[in-house]
Amino acid sequence: MDDCIFCKIINNEIPSTTIYEDDDIKAFFDISQVTPGHTLVVPKKHVKDIFAYDEDLAERVFKKVPMIARAIKASNPDIIGMNICQNNGEIAYQSVMHSHIHLVPRYSKDDDFSMHWGDNTGLVSNEELQARADKIKQNLED
């Protein structure tokens with residue numbers, strides 16, 4: 001893609017701080033550095049989001065995430081956890097329409113990163129939950 005910033009980074013048209021690279025992925029620091037060490041894992045093949053992955057690409061990309069996450073954690077004894085986020089679509093906070101996985105090291109509750117999870121426990125009956133599950137199961141691919 002000519003106008004994709006991540007494709008330009010992958011092609012070394014835009015500089016980045018690379019953490020890891022192989023034939024399938026490039027991992028580099030997010031320019032925002034939400035927390036120190038904030039890294040993006042990006043497939044070299046341009047795919048918009050998780051819905052565009054085939055099984056082979058998913059295997060090749062996601063299998064590297066634990067290795068890179070462990071290396072980030074081992075690089076700094078102050079890292080006590082890590083958020084791994086993969087956003088899909090603008091509504092889900094995807095700002096670059098080239099699939100990418102955020103690895104956000106966590107240092108403390110006060111490290112300027114947070115997520116809010118609403119609690120809707122008990123708002124839906126067991127029957128409604130089962131109907132939702134059945135609908136999803138009908139759409140699973142083998």
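Which residue in strand 3 does isoleucine 25 stand opposite? Some friendly notes follow.

1. Isoleucine 25 stands opposite proline 43. This is a predicted model, where local features need pLDDT of at least 70 and side-chain atom pairs count only at pLDDT 80 or more, while totals for chains, interfaces and linings use all residues. Residues are numbered from 1 along each chain as its sequence is written, and side-chain values use heavy atoms, with hydrogens and water left out.

2. Strand 3 (residues 39-43) has five of its five residues buried, so the rest of the structure largely encloses it. Buried means under 20% relative accessible area, exposed over 50%, and partly exposed in between (1.4 Å probe, protein chains only). Strands are DSSP runs of E with at least two residues, helices are runs of H or I with at least four, and both are numbered from the N terminus.

3. On one side of strand 3, Thr39, Val41 and Pro43 are buried, and on the other Leu40 and Val42 are too. In a regular strand, side chains alternate between the two faces of the sheet.

4. Strand 3 is joined to strand 2 (residues 25-29) by five bridges, running antiparallel. Three bridges join strand 3 to strand 5 (residues 101-106), also antiparallel. Pairing requires at least two DSSP bridges between two strands. Threonine 39 has leucine 103 as its bridge partner in strand 5.

5. Phenylalanine 62 lies in helix 2 (residues 55-62). With a relative accessible area of 31%, phenylalanine 62 is partly exposed.
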